[in-house]
Amino acid sequence: MITDVVLALAQALVGAAGAPLLAGVLRTLKARLMGRRGPSPWQPYADLRKLLRKEAVVSTTTSWVFRVTPYVLVATMLVAIVVVPVVASRTALPFAGIILLMYLFLLGTFFLALAGLDSGSAFGGMGSSREVAVAALAEPTVILAVFALALRADTTTLGGIVERFAREPLLAANPGHLLAFAAFFIVMLAETGRLPVDNPATHLELTMIHEAMVLEYSGRYLALVEWAAAMKLFVFLTLLANLFFPWGVPDIVEPVPVLLGLLALAGKLAVLTVALAGLETIIAKLRLFRVPELLAGSFALALLSVTAVFLVP
Amino acid sequence: MATLGFLAAVTVGVAATVLGLLGAVGRAWTLAVPWLVPLGGLELALDPLAGFFLALVGAAVIPASIYAIGYVGGERRGVLAYLGFVVAMCVVPLAANVMTFVIAWELMSLASYFLVLHDRQAGASARAAWVYAVMTHAGLACLLAGMLLLAAWTGSVRFADWSAAGPGLPAGARGLALVLLGLGFASKAGVIPLHVWLPLAHPAAPSHVSALMSGVMIKLGVYGLARASLDWLAPAPTWWGAAVLLAGTVSAVVGILYAVVERDLKRLLAFSSIENIGVILIGLGAGLVFRAVGLGALAVLAIAAALYHVVNHAAFKTLLFLGAGAVVHATGTRNMNRLGGLVKLMPWTAACFVLGAAAISALPPLNGFVSEWLLFQALLQNTRIARLELNLVFTLGLAGLALTSGLTLACFVKAAGITFLAVPRSDAAARAHEAAPSMRVAMILLCVVCALLGLGPTLVLPALAAIASPLVGGAPLPALGDWLTLRVSREFAALSPLALTTALAAALLAPVVLLRLAGAARGTRRYETWGCGRILQTARMEYTATAFSNPFKRVFDFFYRSEKRLDIDFHPESRFFVERIEYGNPTRPIFEDWLYRPVLSALSVVARRARAIQSGSANVYLAYILAALLVLLVLT
């Protein structure tokens with residue numbers, strides 16, 4: 001019990017404190033790859049600090065939904081960080097499976113989309129409508145990718161999957177595993193609002209999704225929303241790193257292995273971040289109505305991955 | 001007077017709940033009055049499955065009737081039909097022979113027919129009631145055919161005898177009976193493509209009746225399906241289970257696809273009921289397949305998950321229909337494009353509706369999440385069946401269920417967001433008033449039920465598994481963990497709703513405390529929404545229900561086959577001045593166009609042919625009768 005609480009707090013601390021740095025590193029890397037100097041990787045912290053000092057402007061048309069949403073977002077992301085194996089394969093809520101995690105994200109999406117509608121501007125509605133469309137179309141891929149993993153690991157709990165693959169690394173050396181990874185990677189791009197689905201760096205109304213929904217937020221509310229978005233990126237990248245490449249994730253909660261595990265995680269996240277930055281540098285944003293085709297592609301990958309499990313036992 | 005009627009309904013509901021719960025935990029009870037009706041007399045029997053559905057009906061009737069007191073406001077018309085409807089729904093699961101069942105079933109259909117017809121002025125009601133009557137009687141015809149065949153083969157009209165004689169029947173006969181009974185029950189449950197009456201009839205009825213029709217009446221179709229395939233004709237063959245699973249998947253996906261583009265609030269809820277029936281059938285079908293291949297524990301799990309979803313859907317769909325009723329009552333419109341901003345005028349209704357929307361979107365920690373989670377876990381374990389074609393069916397079910405849950409979220413973000421948030425889109429919405437106290441009490445009651453069902457599945461599920469276990473041939477109860485943690489197949493998956501809720505609550509406090517600690521500025525300025533520098537913000541700048549669902553219309557265009565209608569009236573003097581623009585983007589219903597229209601036109605061709613022998617002269621008809629008599633005599 002005590003270990004669990006300590007573990008939960010430790011994970012929340014690593015995730016919540018580290019997430020803005022991850023977002024900052026990604027931004028700096030992208031800028032460098034594009035030949036700009038770019039801001040320092042610590043810039044997101046400075047942004048958050050600035051926002052926290054500012055007065056919040058809240059639209060008169062909004063209701064309690066608008067004001068509650070940033071808190072709900074942060075809460076769902078904190079719980080998500082606690083249920084994902086970050087520092088060890090054991091998590092504070094050992095029952096947590098990937099289905100729970102996906103529905104936690106949907107809980108955040110539900111409130112954020114309502115908040116987008118609450119402001120009463122066309123931007124908010126546009127963002128909400130697009131966000132739920134992308135979320136709905138990404139859902140089947142997630143479940144099938146989970147299915148492919150669960151088939152091999154014989155469990156749907158995150159800790160169980162990580163433990164199983166860490167123990168038997170050969171299980172992961174399989175075409176189905178790679179296909180599931182590819183499918184999940186595309187879902188990650190869609191869910192965290194990266195290129196080519198959404199552009200986190202633009203405020204062009206015709207293309208934006210996430211930024212359109214949160215356009216009306218300011219001050220401390222905006223700080224919470226941005227922080228939650230960074231945490232979502234952190235959770236997805238950690239999930240990709242530890243679920244598909246679970247090497248170096250300790251299965252015991254003791255100081256030395258946990259520290260080594262943190263180092264391994266930092267290494268894996270660095271690789272993923274470089275890959276993501278490189279990808280975002282070389283591809284352009286897809287037209288909104290081409291996004292479903294991308295997601296259908298990821299669904300096909302996930303379906304192939306499941307079939308591979310049945311055919312190549 | 002009307003209030004007295006509804007109080008009587010509440011009493012019936014309480015009695016039904018108590019009796020049903022007693023039956024569900026295993027208390028048996030029978031009642032036989034042989035002289036009351038011909039062909040076997042009135043016969044009622046209570047067993048766990050009947051008790052479960054009886055309790056479900058009773059528990060939904062209580063809030064719906066409390067709500068009705070404030071909703072109808074003393075209008076007497078329709079109260080008698082409502083009482084008949086309630087009593088008939090209570091008798092259906094208890095019926096123990098064909099005659100009792102058919103009378104109760106028909107009374108339920110007729111009473112609801114009159115309730116659909118309630119709003120006499122509206123022409124749409126008359127058409128809805130007509131389609132409903134035709135479809136429900138087509139279903140009844142299938143049911144009767146199946147039941148009479150079974151009665152002839154087994155030599156008994158008592159259901160108990162069917163269960164005993166069922167395994168002895170030849171496979172072809174059992175298959176035929178299953179298909180006939182399945183069609184009959186599926187038409188009542190609103191399974192696609194037998195759903196056409198549902199989106200017409202449910203919205204036309206008064207809202208407390210819509211709530212009962214969507215919340216529990218269609219569940220009695222599920223009851224019939226479960227009864228036929230798990231009891232009368234058990235064990236059902238594997239193909240039947242797979243067929244139910246696929247029918248459920250199609251219903252779920254197609255139902256929610258129609259719901260997500262709907263702009264009529266009550267029709268949206270009706271389509272969503274079709275979707276949820278599909279979700280329930282996915283669980284039931286999975287259970288039937290598991291049972292047919294001899295995986296008893298998984299069958300119990302899948303059926304218990306389906307039953308849990310039955311309860312959950314009854315709770316949140318009743319809640320949502322009552323909420324929608326409050327909106328219709330306050331504004332006089334069901335068109336979401338004319339609503340909006342109601343959260344400030346009717347805060348209680350809005351809060352209840354948002355909670356119901358979160359529950360139906362399967363968001364943790366509410367009840368919908370638990371049953372969908374269980375269904376996923378049951379379906380994911382299909383790998384224990386070593387048959388590739390069945391694995392494929394399950395994979396389709398999984399993908400369909402996942403797409404459904406994503407689209408449900410979109411659908412209910414739209415329903416709650418467009419109806420209640422932002423600025424009113426019409427004067428009617430701007431003049432809305434909060435619901436009457438009795439309506440609020442009913443809705444809050446249902447909110448509490450949704451929350452409790454989300455928190456306490458570890459207490460409810462073992463009871464549901466105990467109901468399911470005798471139905472799958474006395475399979476052993478699966479270990480479902482302890483009171484704190486729900487476990488599925490030992491290490492396969494687990495969930496602790498209490499721990500999750502605690503974590504969520506703690507995490508909700510965290511940002512509040514952190515903001516305080518970080519010394520965040522606490523000032524808030526109220527100002528108008530940013531409108532790109534325009535001075536005035538009006539409701540016309542908002543997204544509408546139609547706009548919100550546009551991405552779905554484009555992505556699934558092959559399914560909606562929507563057509564663009566643009567009507568522009570130019571000024572007679574010059575084409576550069578436009579007087580009026582009308583834009584429509586209606587979807588074309590696939591099933592009506594490709595299934596019902598050909599059947600109906602074929603029927604009318606046959607009818608026209610048959611007119612040739614209809615001369616209208618009594619003598620000719622007498623000659624027909626004589627001829628028919630002679631033919632029969634020769635044949636027999």
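How many residues of strand β6 (residues 565-570) of chain B are buried? I found a count of zero among its six residues, so the strand is hardly covered; buried here means 20 or more other C-beta atoms within 10 Å of a residue's own, with C-beta atoms placed from the backbone.

A note on the source: this is a predicted model, where local features need pLDDT of at least 70, side-chain atom pairs count only at pLDDT 80 or more, and totals for chains, interfaces and linings use all residues. Residues are numbered from 1 along each chain as its sequence is written, and chains are lettered from A and ligands numbered from 1 in the order in which they are written.

Next I looked up the partner of β6(B). β6(B) pairs in the antiparallel sense with strand β7 (residues 578-584) of chain B over six bridges (pairing needs at least two DSSP bridges; strands are DSSP E runs of at least two residues, helices H or I runs of at least four). Opposite Leu566(B) I found Tyr583(B) in β7(B).

Then I turned to the contact between the chains. Chain A gives 70 residues and chain B 71, counting C-beta atoms, placed from the backbone, within 7 Å. On the side of chain A that touches chain B, α5(A) supplies the largest share, 19 residues.

Last, I checked the domain assignment of chain B, automatic or from a database: domain 1 is 235-470 and domain 2 is 591-635. Their centres, over C-alpha atoms, are 44 Å apart.

Methods:
Buried ≥ 20, exposed ≤ 12 C-beta atoms within 10 Å, placed from the backbone. Contact = placed C-beta atoms within 7 Å.
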